[in-house]
Amino acid sequence: MEWANETLVTEFVFLGFSSLAGLQRLLFAVFLLVYLFMLGTNAIIVSTIVLDRALHTPMYFFLGVLSCSETCYTFVIVPKMLVDLLAQKKTISFLGCAIQMFSFLFLICSHSFLLAAMGYDRYVAICDPLRYTVLMGFGVCVGLVAAACACGFSISLVTTSMIFHLPFHSSNQLHHFFCDVSPVLKLASHHSYLNQLVIFVLGVFVLVIPLLLILVSYVLIISAILKIPSSVGRHKAFSTCASHLIVVTVHYGCASFIYLRPKSNYSSSQDTLISVSYTILTPLFNPMIYSLRNKEFKSALQRAMIHTSYSIN
């Protein structure tokens, strides 16, 4: 696949934060602190889940995979963004841009399907608790994660291939801070309606179908919760789903705004702001939402800290 022979553009220039030239060092410091805190928080969550046997359940297995997924897709974008905030020339090679887009799409698409798998896990736990251990065995959980990754890989491969087979003869100035679909597609010398339609359909498949599955799961979950006679039981059942609902709302809200609106409504400044939220802020808040709202996890974390302190002493 000789992309370099098919285009005059050999590199792209990021202009995502060009309007904030005087604040870029401050943004670097803020984003670096947030990124390091996010990495530390996710590392604590994953290590606690691995070390504490009480958390060896499907819900925490998916939470651990979710934390790893968020760490990986921020790694694809944030380190390069931090370097560019201090650099005079904010460029990326044509091939590097394709690799970054593929990696990001693979991880973010897998993330969407993973959230759907977590919704199914909550559905089984509340609506069919007696068969929960059978229906959500380790093999099933691994299979759901593998299916999410396979779907993400296929969609990212098709989308990236379609975009980077287009000719790029004009501007190489990318009004974004990473190689996302809309800003790169906007630079193509010409792109057919069919290409846009296929990419839009893939976006619908990634966002709408998992979201519909989650909504169906929660309709059944809410129906089951309302049948629980005690208010304490209803509150406990709903609290196990609240964190997942918050994460789903933020993820699908941001992603739908970026990928499912008409391209005539494309706004580079709006996309940059929303992209910052789901590449930096959302991965920061998601682990905190899951851990701080969960008494079981907080107890496991305290046990892990006590065990670690005893081991050190």
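Where do aspartate 84 and lysine 80 both lie, and how many residues apart are they? I looked this up first. Both lie in helix α2 (residues 58-86), four residues apart, about one turn of the helix.

**Ground rules**

I am working with a predicted model, where local features need pLDDT of at least 70, side-chain atom pairs count only at pLDDT 80 or more, and totals for chains, interfaces and linings use all residues. Residues are numbered from 1 along each chain as its sequence is written, and side-chain values use heavy atoms, with hydrogens and water left out.

**Entry: overall layout**

I looked up the secondary structure. The protein has ten helices and three strands. Helices (H or I, at least four residues) and strands (E, at least two) are DSSP runs, numbered from the N terminus. I then read the order along the sequence, which is β-α-α-β-α-α-α-β-α-α-α-α-α.

Next I looked up burial. Buried means under 20% relative accessible area, exposed means over 50%, and partly exposed is in between (1.4 Å probe, protein chains only). Of the 313 residues in the protein, 46% are buried.

**Entry: salt bridges**

How many salt bridges are there? I noted the rule before the count: a side-chain nitrogen of Lys or Arg lies within 4 Å of a carboxyl oxygen of Asp or Glu. The count comes to four.

I went back to the opening pair. The side chains of aspartate 84 and lysine 80 form a salt bridge, at 3.2 Å from N to O. Is aspartate 84 buried or exposed? Aspartate 84 counts as buried because its relative accessibility is 7%. Lysine 80 has 24%, so it counts as partly exposed.

Then I looked at aspartate 128 and arginine 131. Their side chains also meet in a salt bridge, 3.0 Å from N to O. Aspartate 128 has a relative accessible area of 21%, so it is partly exposed. Arginine 131 is partly exposed because its value is 47%.

**Entry: core and rings**

I looked up the largest nonpolar core. Such a core is a set of buried Ala, Val, Leu, Ile, Met, Phe, Trp, Tyr and Cys residues joined through side-chain atoms within 4.5 Å. The largest one holds 85 residues. Phe12, Phe31, Phe104, Ile163, Phe164, Phe168 and Val184 touch the most other members. Which helix gives the most to this core? Helix α3 (residues 94-127) does, with 17 residues.

I turned to the aromatic rings. Rings of Phe, Tyr and Trp (its six-membered ring) pair if their centres lie within 6.5 Å; planes under 30 degrees apart count as stacked, over 60 as edge-to-face and the rest as tilted. The count is 17 aromatic pairs. Ring pairs join Phe17, Phe31, Tyr73, Phe104, Phe177 and Phe178 into a cluster. I saw Phe31 and Phe104 in this cluster and again in the list for the core.

**Entry: a surface patch**

I looked for nonpolar residues on the surface. Leu20, Leu23, Leu26 and Val30 make a nonpolar patch of about 320 Å². Leucine 26 is in helix α1 (residues 24-51). Leucine 26 counts as exposed because its relative accessibility is 53%.

**Entry: the UniProt record**

An unreviewed UniProt entry lists seven stretches under "transmembrane region": residues 26-51, 58-78, 98-120, 132-158, 197-226, 238-260 and 272-292. Residues 26-51 are 100% helix and 0% strand, with end C-alpha atoms 38 Å apart. Residues 58-78 are also 100% helix and 0% strand, and their end C-alpha atoms lie 30 Å apart.

I looked up some C-alpha distances. Valine 219 lies in helix α7 (residues 193-226). Valine 219 counts as exposed because its relative accessibility is 57%. Valine 219 and tyrosine 123 are 96 residues apart along the chain, and their C-alpha atoms are separated by 9.4 Å.

Leucine 281 is in helix α9 (residues 268-292). Leucine 281 and methionine 38 are 243 residues apart in sequence, yet 8.8 Å apart in space, C-alpha to C-alpha.

Cysteine 151 sits in helix α5 (residues 138-164). With 28% relative accessibility, cysteine 151 counts as partly exposed.

Terms used: Patch = residues over 30% accessible without salt bridge, like charges linked within 9 Å, V, L, I, M, F, W, Y side chains within 5 Å. Areas by Shrake-Rupley, 256 points an atom, 1.4 Å probe, with all protein chains shown as cover. UniProt positions renumbered as here; feature names shortened; annotations may be inferred.
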